[in-house]
Amino acid sequence: MGQHQGRTPVRYILYLVVAILAFSSFETVSKPTAAFISPAQLTFYRFLIGGCMLLPFARRQQKQQNIRLGAKDYLKFAGLGFCLVCVSLNLAQYGITYANASMSAVIFSANPLFTTLFAALILKEAISWRKLLGLGIGIVGLVTTCLHLFGQERADGRFLFGIVLIVTGMLAFALYTVCSKAVSGTCGSIVTITWSSILGALLMIPILVSGNGNNPFAFQLSAIVPEFLYLCLIGTALAYYCYFDAIAHVSTGLGSMSFFIKPGLASLLCAVVLGEPITANIIIGIILILCGLAVSLRTGKQKTKT
C-alpha cells in the first residue's frame, strides 16, 4: 500500500470526503423509507445494485493487476458478503427502524476501535496499551451516547432491541474489515467489495423468502424513488468505491477518520431533516470517541515510520 502514497494524495483525500458525506447521510435518508420497504429488502437491493454498478471497476482492477479468481476466492467473497450484507448491514438497517437514526450513526461509527481489537486477535497485529486505552475511551463514549435515552419512555423493549441490533451490526462490520484485509491483499480492494456485495446480496434471498408477505420482493418503489436511488447508487456503490479505493492508497489511520467524523455530520443531518434532538450526552460521547481515535492514531503514526 505504501508505494501509492506519493501519487496524487489529494485525489484520495477527496474520495474520503465523498465517502464521509455518503456514509453520514445514510441513516437520515433510509429512516423514512421504513414504511415502504423492509430493512431486508433495502439491504438486498442496495448491495445487488451497488455491486453490479462496481463490476466494471472491479474488472478493470483485475486486468490492471492481472488478478485471476478461482473457486476458493469466490467462497471467500461469499463468506465476507454474508458477514457484511446478511449480518452487519442487515441488522443495522433493522436497528434503525427500532431506534434513533442519529444514535445508529454514532454507534456504527465506533467500529474502527473494534477493528483494532479484532486485528490483534485474528491477524495477530500488535496491540499496545495505548490502543487498549483508545478502545476503552471509545467504548465509554459509545455508552455515553446511549445513556440519556434509557431513562425515557421510548427506551422500551423495541428501542433496546434496536440498540442491540445496531451494536451487533457494528461488530460484524469491524470483523468484515479485518477479514477482508487478507483477501483484498491478493484480490484487490475493489474486486473484494464488489463480489462481497453481489454474493452477500444473493445470500439474502432465503432471508427475504422466509419473511412475511406473499411476495418478499414487492415494495412501494413509487413512494421512495429518490431515496432508493440515492441509497443504492450514492450511499452504497459510490461510497464503498471511494472508501475502499482511498484506503488502498492512504494510511489506514486516515481512512478510519471517515467513520469517526460521521457521528457529528450524521447527528446534524438527523436534527435538520428528521428533527431528532442533539443532546449533551451525544456531544460528550462524540468527543470521547474522537479522543479514543486520537490515542489510537498516535500509535499508528509511530509505527508507520519503521
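**Cysteines and helices in a predicted model**

The sulfur of Cys179 lies 6.4 Å from the closest cysteine sulfur, that of Cys83, so the two are too far apart for a bond. A disulfide would need the sulfur atoms within 2.5 Å. By this rule the model has zero disulfides. Keep in mind that the model is predicted.

Cys179 has a relative accessible area of 32%, so Cys179 is partly exposed. Cys242 has a relative accessibility of 4% and therefore counts as buried. The cut-off for buried is under 20%.

Next, the helix pair α3 and α7. Helix α3 covers residues 71-98, and helix α7 covers residues 157-187. Their axes come within 7 Å and cross at roughly 155°. That makes α3 roughly antiparallel to α7, because angles over 145 degrees count as roughly antiparallel. The crossing of the two helices is left-handed. What kinds of residues form the contact of α3 with α7? The contact divides into 22 nonpolar residues, seven polar and three charged.

Last comes helix α8, residues 189-202. Its length can be checked against a simple expectation. At 1.5 Å a residue, the 14 residues of α8 should span 20 Å. Is α8 mostly covered or mostly exposed? Mostly covered: 13 of the 14 residues of α8 are buried.

Note on methods. Residues are numbered from 1 along each chain as its sequence is written. This is a predicted model: local features need pLDDT of at least 70, side-chain atom pairs count only at pLDDT 80 or more; totals for chains, interfaces and linings use all residues. Side-chain values use heavy atoms; hydrogens and water are left out. Helices (H or I, at least four residues) and strands (E, at least two) are DSSP runs, numbered from the N terminus. The expected span of a helix is 1.5 Å times one less than its number of residues. Buried means under 20% relative accessible area, exposed over 50%, partly exposed in between (1.4 Å probe, protein chains only). Axes are lines fitted to C-alpha atoms, for helices over the stretch in contact, and angles run from 0 to 180 degrees between N-to-C directions. Angles under 35 degrees count as roughly parallel, over 145 as roughly antiparallel, 65 to 115 as roughly perpendicular and the rest as oblique. A crossing is left-handed if the near helix is turned anticlockwise from the far one by less than a right angle, and right-handed if clockwise. Ala, Val, Leu, Ile, Met, Phe, Trp, Tyr, Cys and Pro count as nonpolar, Asp, Glu, Lys and Arg as charged, and the others, Gly among them, as polar.
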